[in-house]
Amino acid sequence: MLLAALVHEREREITDTLVELLIATVHRIKARADSKVTKELINAFKRVTGKENILFKVADAALDRVPPEYGRNGPQA
């Protein structure tokens, strides 16, 4: 009976350790994937031709949505 209890406890410890290793591995895979996606997005952004013009157009469009009381240069006194 004592041996069965020892084996059962050891089995639980091994299972817990394996689950912790699996979780750590999944976290590492996710971190690498996030890093890879970020690098790919940065590289794609670097390759865009005329990106400064696009950014200026986006900024201008965003400023066009500012309420009139704030104006394009911030709140009016």
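The model is predicted: local features need pLDDT of at least 70, side-chain atom pairs count only at pLDDT 80 or more, and totals for chains, interfaces and linings use all residues. Residues are numbered from 1 along each chain as its sequence is written, and side-chain values use heavy atoms, without hydrogens and water.

**Overall shape**
- The protein chain has 2 helices and 0 strands (DSSP runs: helices are H or I, at least four residues; strands are E, at least two).
- The C-alpha trace spans about 85 × 35 × 15 Å along its principal axes.

**Exposure**
- Of the 77 residues, 0% count as buried (under 20% relative accessible area; exposed is over 50%, partly exposed in between, with a 1.4 Å probe and protein chains only).
- Leu3 lies in helix α1, residues 2–47, and is exposed at 62% relative accessibility.

**Salt bridges**
- The count is 3 salt bridges (a side-chain nitrogen of Lys or Arg within 4 Å of a carboxyl oxygen of Asp or Glu).
- Arg12 pairs with Glu9 at 4.0 Å, N to O; they are 3 residues apart in helix α1, so about one helical turn separates them.
- Glu13 pairs with Arg10 at 3.1 Å, N to O; Glu13 is partly exposed at 36%, as is Arg10 at 47%.
- Asp34 pairs with Lys30 at 2.8 Å, N to O; they sit 4 residues apart in helix α1, about one helical turn.
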